[in-house]
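Here's a friendly walk through a protein model, taken one piece at a time. Have a look at it first, and then we'll start with a pair of helices.

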Amino acid sequence: MKKRLHWVLLGGVAALLSAGAANACTRVVYHGKDDLVITGRTMDWKDPMHSRVWIFPRGLAHEGGAGRNSIHWTSKYGSVVVTSLQAGVSDGMNQKGLVANMLWLAGSKYPDDCGKEPRLSIAAWAQYFLDNFSSVKEAVASIKAYPMCVVSDRIPGTDRYTTLHLSISDANGNSAIFEYIDGKLVIHEGREYQVMTNDPEYSQQLAIEKYWNQIGGTTFLPGTNRAADRFARAEFYIHAIPKTANQSEGVAEVMSVMNNVSVPMGISTPGQPNISSTRWRVVADQTGLKYYYNPVSTMDTFWVNLNKADLKKGAPELQLPMGQGQVYSGDVTADFKPVSKPFEFVSVSP
């Protein structure tokens, strides 16, 4: 079945550091012992996001949702994803342990003219990687060999343009960051790229890392909600926590780092109207294929075990019932329900 792809804001709230405004969302990758790999992220947003957790089987047919010359594909892998604003996927992990995270980058500039390259709505960016690739190396090689053009647009009902960058990580601990800078795709690939926040562009985030490594986190760490400060804290703590081979211990350690870079609920800062509270946190155990979800509003943590999920071709799309006061804890894989109408993404006109 074909599905229409909905353009939607998928990252955190945007703001320019140079303007002194606060922005949010932080992503880290943990390298433990015995090849244990875990990725964590915070989702920070000013208003409620109406987020839902879904299980998508493999074998779903998609089109790029960007008008003429949109790319088409059929998903090779099943995944567990989080949708936001009842419209698009903002985070997820597939059955091979590939994780995709969408974060805001105000400095993004997408191509003015896609030419003959196949087009892909920015709303489909994360899902495209989850559907098609089992490793970072495979994904980067494919994008370089068969370039595509990501198309963005304004947030519906507003005059604000959607500007995002994408991180992926795999069960081997490798990472890649995809950004559009001055209309060109820039890719940073390597195990060392374990931390990402919002602005500035990633090359400048690496300069921040170098600066704070010289100072040392036991001497001083910045404590504000600014992206550069959250980057410094996340970079220090993801390396400072103990290296373990125990999956449960690793998940708890990564969640503690996510707590450290979270923004308190309802916080208000004079002169910073775009301040974003942390709405939920995700920790993806890429070794054990467990996807942990922690909604801040209830403080309960539950998880999906992809080893138990029905991801075969022809299986139904499943959603975890949420939004009606439900509270979950522990393994909720069996609590997902088939939906009467498959998840639809509305196309965007380029």
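At what angle do α3 and α4 pack, and how far apart are their axes? The angle is about 55°, and the axes are 10 Å apart. Before going on, a word on what you're looking at: this is a predicted model, where local features need pLDDT of at least 70, side-chain atom pairs count only at pLDDT 80 or more, and totals for chains, interfaces and linings use all residues. Residues are numbered from 1 along each chain as its sequence is written, and side-chain values use heavy atoms, with hydrogens and water left out.

Back to that pair. Helices here are DSSP runs (H or I, at least four residues), strands are runs of E (at least two), and both are numbered from the N terminus. Axes are lines fitted to C-alpha atoms, for helices over the stretch in contact, and angles run from 0 to 180 degrees between N-to-C directions. Under 35 degrees counts as roughly parallel, over 145 as roughly antiparallel, 65 to 115 as roughly perpendicular and the rest as oblique. So α3 and α4 are oblique to each other. On the α3 side, Y202, Q205, I208, E209, W212 and N213 make the contact (heavy atoms within 4.5 Å), and they meet A228, F231, A232 and E235 of α4.

Now follow α4 (residues 227-240) to its other partner here, α5 (residues 247-260): their axes come within 10 Å and cross at roughly 160°. That makes α4 roughly antiparallel to α5. R233, A234, Y237 and I238 of α4 touch V254, V257 and N260 of α5.

Next, look for the disulfide, a pair of cysteine sulfur atoms within 2.5 Å. The structure holds 1, and it joins C114 to C149 with an S to S distance of 2.1 Å. The angle about the S-S bond is -65°, a left-handed link. C114 sits in the loop between β8 (99-104) and β9 (119-121), while C149 is in strand β10 (residues 149-151), 35 residues away.

Most residues other than glycine have a negative phi, and most peptide bonds are trans. D35, in the loop between β1 (27-31) and β2 (37-45), has a positive phi near 65°. D199 and P200 are joined by a cis peptide bond, with omega about 0°.

Finally, how far to trust it all? pLDDT, the predictor's confidence in each residue from 0 to 100, averages 87 over the protein, but stays under 50 over residues 1-22.
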